[in-house]
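User: Got a model open here and I'd like to talk it through. Can you start near one of the helices?

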Amino acid sequence: MSAQIIMVASGKGGTGKSTVSVMLGGRLAAQGKKVLLVELDSGLRSVDIISGVYGKTVYDIEDVLSGRCEGDKAVVQSPLYPGLSVISAPYEGGEVTVAGLQRLCRALGDVFDVILLDTAAGMGAPFAAARACAHKALLVLPADPVSLRDGRIVADALYDSGLREIRLVVNRVTDRTFKNGAVRDLDECIDTVCAQLIAVIPESAMLQRAAAMGERLPVECPTYEAFDRLARRLLGQRVTLSVR
Ligand SMILES: Nc1ncnc2c1ncn2[C@@H]1O[C@H](COP(=O)(O)OP(=O)(O)OP(=O)(O)O)[C@@H](O)[C@H]1O
Ligand SMILES: [Mg+2]
């Protein structure tokens, strides 16, 4: 298996995991990588809308894990981001299992260069299954004390499990983020979570709209470059963090 497997986690819900997973997947694909994004959040799916595959999905991850279809049957191409393939979560039911996800990653690990595993909030079954497969974790967190503290708990669990490659994505940063005194600066985010910072993603109404409408992220969106830098940095390119 040659694919690099990256889990996207947070602890707290609604931090931007699915949004970052899709946009990152799109920019990794733009770098020439074959990217598969697997959404593991049963019952609360959103990747299908953000990536534009809504209504095009016949099989989902539950069908694959329960053996109702082969992994490749559930793979749908994103019409918005060429080179990005998606396996959606089911609308309801079915817990992700470690063995099932490992089987899927083995089956598709030679077909794709990167497999992104978008986990659910907390550290339940999707988190455990993703951890059993992942080489690297991205923690997507806004810079607020609760999200950062929960992120630290997740980071500790990942370190305890033997995963060393944990990177922090600080999401939804605005000019005001570090002005209300709750969190001092990016250094405090890094120190709280104990993970190396790999990206700072601005707050963007344009991103929110594109994600909600299932539209392609406009190039002029301030987050576009941030996702591009994140993708390049993940691929080991020497690209600076852009902190506007
Ligand atoms: N940088 C950003 N700027 C503006 N809005 C954002 C940004 N990142 C995420 N959002 C918005 O935050 C909301 C939650 O995002 P998303 O669904 O990606 O979070 P999640 O962590 O996957 O949630 P869950 O834990 O439920 O899976 C969405 O409305 C999304 O558009
Ligand atoms: Mg999500």
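Analyst: Just after α9, G236 takes a positive phi of about 90°. Helices here are DSSP runs of H or I with at least four residues, strands are E runs of at least two, and both are numbered from the N terminus. This is a predicted model, where local features need pLDDT of at least 70, side-chain atom pairs count only at pLDDT 80 or more, and totals for chains, interfaces and linings use all residues. Residues are numbered from 1 along each chain as its sequence is written, and side-chain values use heavy atoms, leaving out hydrogens and water.

User: Which residues of α9 are buried?

Analyst: Among them are Y224, F227, R229 and L234. Buried means under 20% relative accessible area, with a 1.4 Å probe and protein chains only.

User: And what covers them?

Analyst: The cover includes β1 (4-9), α1 (17-30) and α8 (205-213), with contact meaning heavy atoms within 4.5 Å.

User: New topic: what order do the strands take in the sheet?

Analyst: It's an open sheet of eight strands, β3-β4-β2-β5-β1-β6-β7-β8, with mixed pairing. Two strands pair if DSSP finds at least two bridges between them.

User: Which are the edge strands?

Analyst: β3 (76-77) and β8, each pairing on one side only.

User: How many bridges join β2 to β5?

Analyst: Five, between residues 35-39 and residues 114-118, and the two strands run parallel. L37 stands opposite L116 in β5.

User: Back to α9, where does that helix lie?

Analyst: α9 lies across β1, β6, β7 and β8, at about 160° to β8. Axes are lines fitted to C-alpha atoms, for helices over the stretch in contact, and angles run from 0 to 180 degrees between N-to-C directions.

Technical notes. Chains lettered and ligands numbered in written order. Buried < 20%, exposed > 50% of the residue type's maximum accessible area, 1.4 Å probe, protein only.
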